[in-house]
Amino acid sequence: MEKIVLGLPKGSLNNVNRGNTYQLFVDAGYEVKGYEPGKEENEILIANDPEIKSFLSRPQSSPVELNRGILDIAIVGEDWVREESVESGENLITKIGDLDYGQTRLIVALPNEAPYNSLTEFFRANKDRKKPILCFTEYPNLTRQHIMNNEGYKEVFGDSKPFVQVRGLRDGDNKQVQIINSDGATEVYIAKGADLIVDNTQTGSSLRKAGLKILETIMESSAGLYAGPSCSGKKAEKAQMMFEQLFGAITARKYFDVKFNISTEKLDEVKGFLLSKGFCSDEPTAVKGSSFSQVNVLIPKTKFPAMLRGIKSYGASAIVRENVKQYVK
């Protein structure tokens, strides 16, 4: 099979405090070299799978590379995928599956002291101002789409397109509302004189530190495995298998593997208890002995305290709890 080309995310999605995509691949059973957080290399080796060729890719660039066949698949946030597809009106990128990490919100923010509670209020209140309204963002396409769909904007400016500048590229006929591309640290632009920003945030802490408040949420986003048009046939099969491995590692983080001993005469009673309370994934595994039996269950972490109290009441002993590395349903 021709190698499948994978884009691995640079930046926050490979930060140990947020996504740690490197650890996800390790937990999924891949031997990864050159992708340790803070030590990423441009070319990354997955030593135990010769069918995968991997490169480091900026989240902003991954959708572009997918669309043009430079990458077959990539781990990237939905916000960047949508940003790439807004203006074209078509999306050649398909989502293989959500990976349930890297959650963030794309929001509109402005200074705390601003007297507005919505973007509609903002545009209505500023309809007669002479100075252009400035909005800085890393997401000019999604920002313009959101603004043009806003009732206040339509009342004041109709169907005109806000002016967008991405470095030397300029587009749009309404220079009274200007959307300027930011290359990061977007919240600082308010202190520099911008009226609005559109940025992604997890907790809102950096916005609060900058003296900003969230006005609206444009979308919620998380990391997923995405495929471009070049991912077809055997590559598509490979991509699906990779997703199942990765998602199995993510699912495993929600479970404990628990073993304990129980009196054999109480074994059936304890198994019935575990099943009735949903304290196992399918059914308990039991190794029956003459006096004592060992029971093994895979249990959601949220249910472990209740299960522990229950099995202790039946006289369980030698209770061992372990983390799970992989859980493929």
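Predicted model: local features only at pLDDT ≥ 70, side-chain atom pairs only at ≥ 80, totals over all residues.
Local features here need pLDDT of at least 70 and side-chain atom pairs count only at pLDDT 80 or more, while totals for chains, interfaces and linings use all residues. Residues are numbered from 1 along each chain as its sequence is written, and side-chain values use heavy atoms, with hydrogens and water left out.

View 1. Let's start in the loop between helix H6 (151-157) and strand E9 (162-166), where Ser160 lies; helices (H or I, at least four residues) and strands (E, at least two) are DSSP runs, numbered from the N terminus. Ser160 is buried, at 17% relative accessible area (buried means under 20%, with a 1.4 Å probe and protein chains only). A polar atom of the Ser160 side chain lies 2.9 Å from the backbone oxygen of Phe157. Beyond its neighbours within four places in sequence, Ser160 is in contact (heavy atoms within 4.5 Å) with Met148, Tyr153, Asp173 and Asn174.

**View 2. The seven-stranded open sheet.** Follow the strands in the order E10-E9-E11-E8-E12-E7-E13, and you will find mixed pairing; two strands pair if DSSP finds at least two bridges between them. Strand E10 (169-171) and strand E13 (212-221) are the edges, each pairing on one side only. From one strand to the next, the twist averages 20 degrees. Within the sheet, E8 (residues 133-137) pairs with E12 (residues 196-201) in the parallel sense over three bridges, and Phe136 has Ile197 of E12 as its bridge partner.

**View 3. A helix across the sheet.** Here helix H3 (residues 78-85) lies across strand E7 (104-111), E12 and E13. Helix H3 runs at about 80 degrees to E13, with axes fitted to C-alpha atoms, for helices over the stretch in contact, and angles from 0 to 180 degrees between N-to-C directions.

Definitions and conventions
Buried < 20%, exposed > 50% of the residue type's maximum accessible area, 1.4 Å probe, protein only. Polar contact = N/O pair within 3.5 Å; in protein donor to acceptor, adjacent residues only side chain to side chain.
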